Amino acid sequence: MLNKKQLVIKIVLKRLWYLIFGIIVIAMAVQLYLLKGTPSQPLNMHRLRSDVSYTDTPTLLIPGQGGNTITFNTFIKRAQNENIAQSAMVVRVSPTGQVRVKGSLKGQKNPLIQILYDWNYNVSFKPQMHQLTQVLIVLHQRYHVKRLNIVAHSYGGTEFLHAYLSNHKLQKEIAFQKIVLLGVPVEESFGTNTKYTAWLFKKSRDAEFKQLLRQVKKARFANNETVYNIMGKEADQKTDGEVPNIQSQMMATLFKNTSVKYVQRWYPKTTHRQLHEKKAILDYVMQTLWGK
């Protein structure tokens, strides 16, 4: 028979177990909610807009570190409500690179593909780079995607650039046309006090950026490929609150002397999160992708 002290310990351990179990259940429920994807709202084919170009080229939406359904939820809903584009596919990918697809691109106009990572809380972007590569391979081989637009936020853009520029087969199989990058760092050894110059890359201590510089020289780019580099600034700061602007500005050096058209755009009083939520930015991105 248990004595009083043993009984108290047993009760405490039992309650602790219930608490831990409850936290795990809640965490799993939250994660499932964050990975559910934005509901699809088909285009009204009887009310197509005269100022919008409707094509079958898909646009892949890539969230950043810790990003999920919420990242592009506002963007997708705006595009659907304004009858500009539609969520056609949700692609979930596991840490092992297993790709699960829901939806179809067949017969869809301005289709959006929302990519969601089961786990993207790593310190490095490299795990998601490898997972994204698998997604791109599946989209080409299984769904015959040959042209693709990209909209990526934060590390989502970093992983895309590394996956894209390091893989000659992908460059040959998929023509990446309009690449919209929102607060994307490409060089992370420089801080907010560094001023951008054309020759700053010589002082870089970022091995990953140096690798990109080597890869971009050998890359095969699509005709009329354009990179839109969109950055935010908090008040008078040289950062969007998370990514120093200089780390995104180095993209100008990356695509210098290539056939890629490079467009750089600033939005003052804009935080890192607002880059994928602010109306003015969403309007610009939609005009860039589908405007006539």
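This is a predicted model: local features need pLDDT of at least 70, side-chain atom pairs count only at pLDDT 80 or more; totals for chains, interfaces and linings use all residues.
1. You will find K269 in the loop between β8 (261–267) and α9 (279–290). Have a look at its backbone too: phi is positive, near 50°, although K269 is a residue other than glycine.

2. Now turn to N83, which sits in the loop between α2 (73–81) and β2 (86–93). N83 is not a glycine either, and its phi is positive, at about 55°. What is the relative accessibility of N83? The value is 10%, and since buried means under 20%, N83 counts as buried.

3. Stepping back to the protein chain, you can trace nine helices and eight strands. Along the principal axes, the C-alpha atoms fill a box of roughly 80 × 55 × 40 Å.

4. Of the 292 residues in the protein chain, 49% are buried. Among contacts with a separation of 6 or more, 77% are between residues 24 or more positions apart.

5. Finally, the surface and the charges. The accessible surface of the protein chain is about 15,400 Å², and carbon and sulfur atoms account for 55% of that area. How many positive and negative side chains does the protein chain have? There are 41 positive and 17 negative ones, and the centres of these two sets lie 5 Å apart.

Notes:
Residues are numbered from 1 along each chain as its sequence is written. Side-chain values use heavy atoms; hydrogens and water are left out. Helices (H or I, at least four residues) and strands (E, at least two) are DSSP runs, numbered from the N terminus. Buried means under 20% relative accessible area, exposed over 50%, partly exposed in between (1.4 Å probe, protein chains only). Contact means heavy atoms within 4.5 Å. Accessible areas come from the Shrake-Rupley method with a 1.4 Å probe; for residues, only the protein chains shown count as cover. Lys and Arg count as positive and Asp and Glu as negative; His and the chain ends are not counted. The place of a charge is taken as NZ of Lys, CZ of Arg, CG of Asp or CD of Glu.
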